[in-house]
Amino acid sequence: MAERDLRQARLSVQLQQAGPIPLAADFHCEPGELLALVGPSGGGKTTLLRAIAGLYRPAGGVIRCAGETWFDAAAGRSLRPQQRRVGLVFQDYALFPHLDARANVMVALDHLPAAERGQAAERWLARVRLDGLAGRLPSELSGGQRQRVALARALARRPRVLLLDEPFSAVDQVTRRRLQRELALLREEIHIPIVLVTHDLDEAAALADRLCVLHAGRSLQQAPAEQLFRRPASPEVARLLDRHNVFTGRVVEGDEGRRLQWGPWQLEVAEGLAPLAPGKRVSWYLPPSDVVLHRRGRPSRGERENPVQGRVVEMAVLGGITSVALAFDHCDDTLRFELPTHAARRNGLARGEAVGVSLLAAGIHLMPDAPVTHPESPHR
Amino acid sequence: MDWTALSVSLRLAGLTCLLLLPLGLWLGRTLALSRFRGKPLCEALVALPLVMPPTVLGFYLMQAFGVESPLGGLWQSLTGGGLNFTFTGILLASLLANLPFAVQPIQRAFESIPPNLREAAWCSGLSPGRTLLRIELPLVWPGLVSALALTFAHTLGEFGVILMVGGAIDGETRTLAIAIYDRVQAFDESGAAIMSAMLLLVSFLTIGVVYGLAGRRRWRRG
């Protein structure tokens, strides 16, 4: 598809309003792309989805999809939900309780001649692997089966965008995995923007091409999961993504070039330090995977890289993985990292012990644009 | 057996149901779905006939239907006749007295429909009108049937309001309930017994048929 056509078919959303539900969202989703809106409950995710579907009318903004303006507050334009051609899967599926699975799907097939609707509905049910269950009422279906009927109904109208509101929250873990796998397969067949609302970060990371982090109606950052988890735009995003290890340092000009002063240590940073003026205080983040434990009595190569010493204040054994928190004298925040439980045992890690770790220079992510609120360090 | 009185009763109950059905649907749905400032007041007004003694309601209606009152005067200027002691008068009184019996079950039924079913219908492309026909009405059907049953049965048994507004004019305003009272006053207890049994039978049959209709649904929520 030419770039112009792609832009035409994309869903772009820019919404602002002060209240009653504050919104300041700006994101887009390409055809065939799955964008996950993530953030805490009450963060405005569902409101945004409802605004896209035409079920909620914000005070300001523009929504475009498939080359058409669905909503433009300034121009006073707002298409009705019926005119937008949106496939929406509700959190509780919202199946019509008096209609069987076939009739539920047929409701969305009014654009076909009456004689063809029954067969078309059964084809859609077969596509979501519900053959043979067309005559069942919603109350006679399991949670997973209901979700599939809802998906078939949403797709039957040949929507221009598919919206999924926490679609896997009401089913058990096993069913959830299976449905997630099916959604991943289905994506290859339908070439429309898909927006998934979820508060489950693992689910978002597994299914989505990109994540958009929302808080109090504001879109804070959009990026692929890997990038988002390694390079959050601000301490706030890191917190919303449940990332620890956010600290504050100061840019200094040391003997060996520009460094990040953190407590008594001058840390080497692979990227982003050069443009910053010495003396500037900056928030920084380190993924737990980029913390390397120094082995007792057996120095290793990595120890030359940003070695720091801390004290173990927390050790949580979660099966084969042990989560360790280190405290430092110069700041209130702890540094968290994980290592295999057997490695923790072999190294004699215990609460109160002093240990050395290396902070890998390539992992240190600076957030120079984020405001630094506390004099010495804590953001958390 | 006073067949004329039975026919007046059945005609009154049937017409009350017929006229209250669209009114109850509109009012019940509006009260269930909209939020507006005077809503509690509207609900209280609708419920008023439930708590008012029938003779009190009948007294006020009799006053309002009189040719000296604005309503009665307007009616006379439009039709040339009065409202008191006429079938039209007792029909109007019956509509008002039965308002809560028709509106409340319908309102509760609409309130019990999860709002996202309506939204799911819109997103599936159904217009609000088709959503009402294909989704909402089948879901409120039990409430509707119960509203009709209550209205019909209550109209058959209505006494105080009808007597105040309509008196007991044969073939016009004397319903079966009033005819029974007249027979007792005239010491004709066997006549009263036959008519009472008839009223009991008709009421029972109506309610039976109607609840049978309401119960014939395979689906349940959840």
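**Exercise 1.** How many bridges join strand 13 of chain A to strand 14 of chain A, and do they run parallel or antiparallel?

*Solution.* A bit of bookkeeping comes before the steps. Residues count from 1 along each chain as its sequence is written, and chains are lettered from A and ligands numbered from 1 in the order in which they are written. This is a predicted model, where local features need pLDDT of at least 70, side-chain atom pairs count only at pLDDT 80 or more, and totals for chains, interfaces and linings use all residues.

Step 1: Strand 14 covers residues 265-267 of chain A, and three bridges tie strand 13 to it in an antiparallel arrangement. (Strands are DSSP E runs of at least two residues and helices are H or I runs of at least four, numbered from the N terminus; strands pair if DSSP finds at least two bridges between them.)

Step 2: Look across the pair and you'll see W262(A) opposite W265(A).

Step 3: In the hairpin, two residues sit between these strands, and G263(A) has a positive phi near 60°.

**Exercise 2.** Which residue stands opposite G254(A)?

*Solution.* Step 1: Strand 12 (residues 246-254) and strand 13 (residues 257-262) of chain A pair antiparallel over five bridges.

Step 1: G254(A) faces G257(A) in strand 13 of chain A.

Step 2: A hairpin of two residues links strand 12 of chain A to strand 13 of chain A.

**Exercise 3.** Which residues beyond four places in sequence does V105(A) contact?

*Solution.* With contact meaning backbone-placed C-beta atoms within 7 Å, the partners are A121(A), W124(A), L125(A), V149(A), A152(A), R153(A) and A156(A).

Note on methods. Contact = placed C-beta atoms within 7 Å.
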